[in-house]
Amino acid sequence: MSFSVRQLRYFVAVAESGQVSGAARELFVSQSSVTAAVQQIEQRLKAPVFHRSARGVALTPTGRALLPKARQILQLLEEAEGVTPADLTVSGTLRVGVSYTVMGYFLPHHVQQLAVLYPGLKVEWSEMDRQPIEDRVVAGDLDFGLLLTSNLADDSQLQYETFVHSRRRLWMAPTHPLAGREGVRLADVEQYPYALLTVDEAAVTTRSYWQERPMNVLIKTSSIEAIRSVVANGNAVTILSDMVYRPWSLEGRRIDTTLLADPVPDMRIGLTWDRGREFTPAMVALHDYFYRIFLTPALG
């Protein structure tokens, strides 16, 4: 008998949250259901996939080998469910400016999907900072910007729609004093060294919800991988979105997360365009693709 989709989904959720209880909350199921699914996988493999401890779980060598395969299976199933016939009527060229974080952690899957759905559509994706994207969209040098919409001004010449809301959480090593605690607040976080991400105006966003609180900044960097390593090593904590979260650093060390009790804004990703621009058929195709995928855009 093969693994079920449910078993694989529950296994991946536990691996990513580092806790059975955390996975159960994410999946909106009971802890016993998650535990049973993991045990069924272990019975099938005849080997444990997690080391259990009072702080949570960590992947065994068997679990580490299974995780990328489980993710790939779930991804393929998701893509299969979304299969639609290619639209050969859409053609032309689109110029889209993309901010760094969106390019690295959000866009690649959609580049592949768009190529399948619209084989006659050529999209030129160009990575750049937010301000040049805004300027070039208004000037007509870009058709769209695909970027973080949180910092767009409401009174600008740009129209935008937000399609993705990615929650921000506190990241820390499993051995950190804040790990496993409930109701952690910014006042608790400020006591510890902090790794501050600077790319895509992340530092500006961080300061918007930290406000006047003191920050014990250990390191400032535009590298998310550097942040990941510093946090996993236990040298600092950080607050970043689920979109860029991975449970392991490059050195193979674990990163735990928790939601903060204080309000922290989501990371928001969407399309922006000139307010007076009339959409071409190619622009309609790209806009409608994201609309269909995410279903409920928030109008700006």
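## Helix H6

His 110 sits in helix H6. Helices here are DSSP runs of H or I with at least four residues, strands are runs of E with at least two, and both are numbered from the N terminus. The model is predicted: local features need pLDDT of at least 70, side-chain atom pairs count only at pLDDT 80 or more, and totals for chains, interfaces and linings use all residues. Residues are numbered from 1 along each chain as its sequence is written, and side-chain values use heavy atoms, with hydrogens and water left out.

His 110 has a relative accessible area of 5% and is buried. Buried means under 20% relative accessible area, exposed means over 50%, and partly exposed lies in between, with a 1.4 Å probe and protein chains only. Leaving aside neighbours within four places in sequence, His 110 is in contact with Tyr 289, Phe 290, Ile 293 and Phe 294. Contact means heavy atoms within 4.5 Å.

Gln 113 also belongs to H6, which spans residues 107-117. Its relative accessibility is 16%, so Gln 113 counts as buried. With neighbours within four places in sequence set aside, Gln 113 contacts Glu 79 and Tyr 289. Gln 113 and Ala 203 lie 90 residues apart in sequence and 32 Å apart in space, C-alpha to C-alpha.

Which residues of H6 are buried? They are Leu 107, His 110, Gln 113, Leu 114 and Leu 117. Seen down the axis of H6, these buried residues fall within an arc of 120 degrees, so they line one face of the helix. The arc is that of the directions from the helix axis to the C-beta atoms. An α-helix has 3.6 residues a turn, so residues three or four places apart point the same way.

## Helix H3

Gln 40 is in helix H3, residues 31-45. Its relative accessible area is 31%, so Gln 40 is partly exposed. Not counting residues up to four places away in sequence, Gln 40 touches Arg 6 and Gln 7. Gln 40 and Glu 182 are 142 residues apart along the chain, and their C-alpha atoms are separated by 30 Å.

## Helix H9

H9 covers residues 202-210, and its buried residues are Ala 202, Thr 205, Thr 206, Tyr 209 and Trp 210. They cover an arc of only 130 degrees around the axis, which puts them on the same side of H9. They pack against strand S7 (168-172), helix H8 (186-189), strand S8 (194-197) and strand S10 (238-241). Just after H9, Gln 211 takes a positive phi of about 55 degrees.

The order is S10-S7-S11, with antiparallel pairing. S10 and strand S11 (256-258) stand at the edges with a single partner strand each, so one side of each has no neighbour in the sheet. Neighbouring strands of this sheet are turned by 40 degrees against each other on average, direction ignored. Here axes are lines fitted to C-alpha atoms, for helices over the stretch in contact, and angles run from 0 to 180 degrees between N-to-C directions.

S7 and S11 run antiparallel and are joined by three bridges. Two strands pair if DSSP finds at least two bridges between them. Met 172 has Asp 256 in S11 as its bridge partner.

## Strand S12

Seven of the eight residues of S12 are buried, so the strand is largely enclosed by the rest of the structure. Strand S5 (residues 144-148) runs antiparallel to S12, with four bridges between them. Gly 145 stands opposite Thr 272 in S12.

Strand S6 (residues 158-166) also pairs with S12 in the antiparallel sense, over eight bridges. Leu 158 has Asp 274 in S12 as its bridge partner.

## Cavities

How many cavities of 30 Å³ or more are there? The count comes to three. A cavity is a set of points, on a 1 Å grid over the protein atoms alone, where a 1.4 Å probe fits but cannot get out; lining residues have an atom within 4 Å of a point. Grid points are joined across faces, edges and corners, and a volume is the space filled by probe spheres set on the points.

The largest cavity holds about 140 Å³ of space. Of its 17 lining residues, Leu 148, Arg 168, Ala 202, Thr 205 and Met 267 are the closest to its centre. H9, S10 and strand S12 (267-274) each give two or more residues to this lining. H9 provides the largest share, four residues.

Technical notes:
1 Å grid on protein atoms, 1.4 Å probe; cavity = no way out; pocket = protein on both sides within 12 Å on 5 of 7 lines; lining within 4 Å.
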